[in-house]
Amino acid sequence: MAFHEVRFPDNISRGARGGPERRTQIVELTSGDEERNASWANSRRRYDVAYGVRRADDLAAVVAFFEARNGRLYGFRYKDWADYKSCLPSQRPTPTDQGLGTGDGTAVTFQVAKIYTSGSQAWTRPVTKPVAGSVQVALDGMEQTTGWSIDTTTGLVTFEAAPGAGVLVTAGFEFDVPVRFDTDTLDVTLDLERLGSITSIPLLEIRR
């Protein structure tokens with residue numbers, strides 16, 4: 001899929017609104033009971049970055065970014081300020097934040113991921129756009145400063161030598177969300193003071 005490895009302006013995304021979306025089918029029976037089925041195994045994030053446009057210069061930056069992406073054609077990186085770390089928002093990432101898997105003596109590649117846990121339930125989110133220079137890796141709790149590499153376009157960690165059987169592979173990182181514009185039109189309004197505004201700039205997460 002067409003994708004540009006460039007991030008939407010941070011100063012504008014910081015004021016955006018949005019978050020995860022799921023698709024659930026709910027059937028109400030004649031008895032009043034419900035049957036609920038998940039249409040999607042994974043959530044998908046939506047954002048509206050129009051709330052981050054505060055100045056005419058911000059508006060110009062959004063228009064330029066939109067034109068360079070050819071509207072909905074090219075995907076790009078987006079920093080979700082509410083969820084961009086492997087740890088809690090108030091903390092700094094550490095190499096033991098998230099489990100990536102367990103070594104078997106053969107596998108050398110592991111997908112970066114973030115696990116969301118509540119009670120006994122958990123959901124694993126593959127992270128395909130880690131931020132360059134932010135990834136830390138550990139084996140059985142010991143940080144590894146060498147012997148591995150990270151592909152920041154796919155989120156794959158590759159070891160020079162396969163971790164031994166039973167060895168826990170963990171990582172800490174910051175990450176972006178792969179998104180695209182969810183419109184091919186920007187509706188710009190100019191007020192009497194010539195300061196522009198846009199009523200809505202929808203972004204939609206790209207799931208591969």
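**A walk through sheet, helix and rings**

Searching the whole structure turns up 12 aromatic pairs; here rings of Phe, Tyr and Trp (its six-membered ring) pair if their centres lie within 6.5 Å, and planes under 30 degrees apart count as stacked, over 60 as edge-to-face and the rest as tilted. Keep in mind that this is a predicted model, in which local features need pLDDT of at least 70, side-chain atom pairs count only at pLDDT 80 or more, and totals for chains, interfaces and linings use all residues. Residues are numbered from 1 along each chain as its sequence is written, and side-chain values use heavy atoms, with hydrogens and water left out.

Let's begin with the sheet. Strands of a sheet pair through backbone hydrogen bonds, either parallel or antiparallel. In this model, six strands make an open sheet with mixed pairing, in the order E1-E6-E16-E19-E5-E2. Strand E1 (3-7) and strand E2 (17-21) stand at the edges with a single partner strand each, so one side of each has no neighbour in the sheet. From one strand to the next, the twist averages 30°. The labels come from DSSP runs numbered from the N terminus: helices (H or I) have at least four residues, and strands (E) at least two. Two strands count as paired if DSSP finds at least two bridges between them. Take strand E5 (residues 44-48) and strand E19 (residues 202-205), which pair in the antiparallel sense over three bridges. Within this pairing, Arg46 has Leu204 of E19 as its bridge partner.

Now look at what lies on the sheet. Helix H2 (residues 56-68) packs there, touching E1, strand E6 (75-78) and strand E16 (177-181), where contact means heavy atoms within 4.5 Å. The direction of H2 makes about 160° with that of E1; axes are lines fitted to C-alpha atoms, for helices over the stretch in contact, and angles run from 0 to 180 degrees between N-to-C directions.

Which residues of H2 are buried? They are Asp58, Leu59, Val62, Phe65 and Phe66. Seen down the axis of H2, these buried residues fall within an arc of 130°, so they line one face of the helix; the arc is that of the directions from the helix axis to the C-beta atoms. On the other side of H2, Asp57 and Glu67 are exposed. Buried means under 20% relative accessible area, exposed over 50%, and partly exposed in between (1.4 Å probe, protein chains only).

After H2 comes Asn70, in the loop between H2 and E6. With 45% relative accessibility, Asn70 counts as partly exposed.

Phe8 and Tyr78 have ring centres 6.3 Å apart and planes at 50°, so the pair is tilted. Phe8 lies in the loop between E1 and helix H1 (10-13) and Tyr78 in strand E6, so the pair ties together parts that are 70 residues apart in sequence. Both Phe8 and Tyr78 are buried. The rings of Phe66 and Phe181 have centres 5.1 Å apart and planes at 75°, so this pair is edge-to-face. Phe66 belongs to helix H2 and Phe181 to strand E16, so the pair ties together parts that are 115 residues apart in sequence. Phe66 counts as buried at 9% relative accessibility, and Phe181 does so at 0%. One aromatic cluster is formed by Phe8, Tyr47, Phe65, Phe66, Phe76, Tyr78 and Phe181.
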